[in-house]
Amino acid sequence: EENIKNLVSTRSAKSWKTIKSNPFFRNLSSFQITNLEGMMTEVEFKKNETMPIQIDEKSYVYIISEGCVIEKLSDKKEIEYSTGHLIGEICFNQEKCNDLPTYITKSKTKAYRISYKEFLHFLHDNPGVWMNILFEKNHQ
């Protein structure tokens, strides 16, 4: 029932366009996109706000719908993300997730928030997306 409420409040041309702009989700069917939209809630962050990222049952991943986010890595490198990018860490090996990056909004930013647990279920049901994410993370 909660996913139906989220779907009704989230579903729009904007959410569809945001999902389709992400290379991991570009080739999803309308059925898969609808499933993903049912998990999404739009949230807003102020400029220079740190996005809460952790790996546990109560955490989230985000898909940026408007604005810009900087990922600050431990080696002082920075990566900039914008509309359609997936923000958060997908960890299947907890030992590799001890040194999580920090995500800071460069401007006022809107993003679709997805429960980490629900997103893992989505990846389980859509192994092609999971493999694309793993491939990309291993080749950055």
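This is a predicted model: local features need pLDDT of at least 70, side-chain atom pairs count only at pLDDT 80 or more; totals for chains, interfaces and linings use all residues.
1. Basis. Residues are numbered from 1 along each chain as its sequence is written, and side-chain values use heavy atoms, with hydrogens and water left out.

2. Overall make-up. The protein has five helices and seven strands. Both are DSSP runs numbered from the N terminus, helices being H or I of at least four residues and strands E of at least two. In sequence order the pattern is α-α-α-β-β-β-β-β-β-β-α-α.

3. Of the 140 residues in the protein, 40% are buried (under 20% relative accessible area, with exposed over 50% and partly exposed in between; 1.4 Å probe, protein chains only). The protein exposes about 8,400 Å², of which carbon and sulfur atoms supply 51%; the areas come from the Shrake-Rupley method with a 1.4 Å probe, and for residues only the protein chains shown count as cover. Among contacts (heavy atoms within 4.5 Å) with a separation of 6 or more, 73% join residues 24 or more positions apart.

4. Four-stranded sheet. An open antiparallel sheet runs in the order β1-β7-β2-β5, where two strands pair if DSSP finds at least two bridges between them. Its edges are β1 (40–45) and β5 (86–87), each of which pairs on one side only. Inside the sheet, β2 (residues 60–66) and β7 (residues 109–115) are joined in the antiparallel sense over six bridges. Glu66 stands opposite Lys110 of β7.

5. Three-stranded sheet. The other open sheet has the order β4-β3-β6, again with antiparallel pairing. Here β4 (78–81) and β6 (102–105) are the edge strands, each pairing on one side only. From one strand to the next the twist averages 25°; angles run from 0 to 180 degrees between N-to-C directions, and axes are lines fitted to C-alpha atoms, for helices over the stretch in contact.

6. Pairings of β3. Strand β3 (residues 69–72) pairs with β6 in the antiparallel sense over four bridges. Val69 has Thr105 of β6 as its bridge partner, and Glu71 has Tyr103 of β6. The antiparallel pairing of β3 with β4 also has four bridges, and Ile70 stands opposite Glu80 in β4. Five residues lie between the strands in the hairpin of β3 and β4, where Lys76 takes a positive phi near 70°.

7. Helices on the four-stranded sheet. Helix α2 (residues 13–20) lies across β1, β2 and β7 and runs at about 110° to β2. Helix α3 (residues 30–39) lies across β1, β2 and β7 as well, at about 55° to β1.

8. Packing of α3 and α4. Helix α4 (residues 116–125) packs with α3 at an angle of about 170°, the axes being 10 Å apart. The two helices are therefore roughly antiparallel (over 145 degrees; under 35 counts as roughly parallel, 65 to 115 as roughly perpendicular and the rest as oblique). Gln32, Leu36 and Met39 of α3 make the contact with Glu118, Phe119 and Phe122 of α4. These residues divide into four nonpolar, one polar and one charged, with Ala, Val, Leu, Ile, Met, Phe, Trp, Tyr, Cys and Pro counted as nonpolar, Asp, Glu, Lys and Arg as charged, and the others, Gly among them, as polar.
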